[in-house]
Amino acid sequence: MTTRLYTHPIFLEHITPPGHPERPDRLRAIERVLDDEAFAALDRVKAPEGDEATILYAHPADFVARVRAAIPEEGIARIDADTTASPKSWQAVIAAIGAANAAVDDVFAGRADNVFVAARPPGHHAEKTTAMGFCFFNTAAIAARHAQKKHGAERVAIVDWDVHHGNGTQDIFWDDPSVLYCSTHQMPLYPGTGAKSETGAGNIVNAPLAPKTGGEVFRDAFLSRVLPALDNFAPDLIIISAGFDAHHRDPLAEINLTEDDFDWATGQLMQRAARHSGNRLVSLLEGGYDLQGLAFSVAAHVGRLMKG
């Protein structure tokens, strides 16, 4: 398998307040673990600058303008109680979108079988008109629309295993049967959405996990809900909202997964990508706030992407 990695130094310049869990050290931890010789074959590419017009695939223009106007010239500005911006945040956001769209281009052009985008800030909490939960714009949603608009993808699946429900992705695709959204997440937990009864146009599959849940229950949720939905949908592309905060070390939740669980889930999605999507799989970093848990989980995830 050819696996490409996109990242960029600008992602370290999105500064958050001291003590904030979504911090630049997250990417430094990932960079260190991927410097190991086990990842020597990883195709490393600097994230390109994104096309700002593609944000409009998922968000209205007036909302985009409001977010841009909230970026401070100095210091740190609050977007909401959890989400902050610093002077380089806009550049980081645009590079994250550029990397995600480039990853989609790569898998459709055959330049890579799969791609991991190590970017920040994350995106899956951003609703159509609301930035929240550390997220400005919904990168996964923009990438899915990019696949449809540029590459003619008829069906795109987004699988979100972040421990927090991707309310933003669900909001954007609520009534759109051309995009399947599947989520495993702790419930109850922020942001309070993600019940099994939330099904949209039949394209939303939520698999909430009780606090203290471990790998066995997580895997059962995949086997019983996520994977059958993918097989029924037969997507042209699979996008992973790859949050690693369901790791047992993570301070923001109470799900007890290990690196092996992320390895296993990655393998399962790769099987579906091979079966339905010509191996086309794009993985976008979302959460993960314990640096060791994040690094080990990303290593397992990327290692599986590389091995096939």
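**Close-up views of a predicted model**

**View 1. Eight strands build an open sheet.** The 8 strands run in the order S2-S1-S5-S10-S9-S6-S7-S8, with parallel pairing. Strand S2 (43–46) and strand S8 (204–209) are the edges, and each pairs on one side only. From one strand to the next, the twist averages 15°. Strands (E, at least two residues) and helices (H or I, at least four) are DSSP runs, numbered from the N terminus. Two strands pair if DSSP finds at least two bridges between them. This is a predicted model: local features need pLDDT of at least 70, side-chain atom pairs count only at pLDDT 80 or more, and totals for chains, interfaces and linings use all residues. Residues are numbered from 1 along each chain as its sequence is written, and side-chain values use heavy atoms, with hydrogens and water left out.

**View 2. Strands S1 and S5 pair in the parallel sense.** S1 covers residues 3–7 and S5 covers residues 114–117. The pairing spans 4 bridges. Arg4 has Val115 in S5 as its bridge partner.

View 3. Axes are lines fitted to C-alpha atoms, for helices over the stretch in contact, and angles run from 0 to 180 degrees between N-to-C directions.

**View 4. Helix H6 is kinked by about 35°, centred on Phe222.** The bend at a residue is the angle between axes fitted to the seven residues ending there and the seven starting there. H6 (residues 215–233) has 19 residues. Its first and last C-alpha atoms are 25 Å apart, close to the 27 Å expected at 1.5 Å a residue. That expected span is 1.5 Å times one less than the number of residues. Phe222 is itself buried, and other buried residues of H6 include Phe218, Val226, Leu230 and Phe233. The buried residues pack against S6, strand S7 (179–186), S8 and H7. Ala234 follows H6 with a positive phi, near 50°.

**View 5. Ile10 sits in the loop between S1 and helix H1 (25–34).** Ile10 is buried, at 11% relative accessible area. Buried means under 20%, exposed over 50%, and partly exposed in between (1.4 Å probe, protein chains only). Beyond its neighbours within four places in sequence, Ile10 contacts Lys88, Gln91, Ala92 and Ala95. Contact means heavy atoms within 4.5 Å. Ile10 and Gln91 are 81 residues apart in sequence, yet 7.0 Å apart in space, C-alpha to C-alpha.
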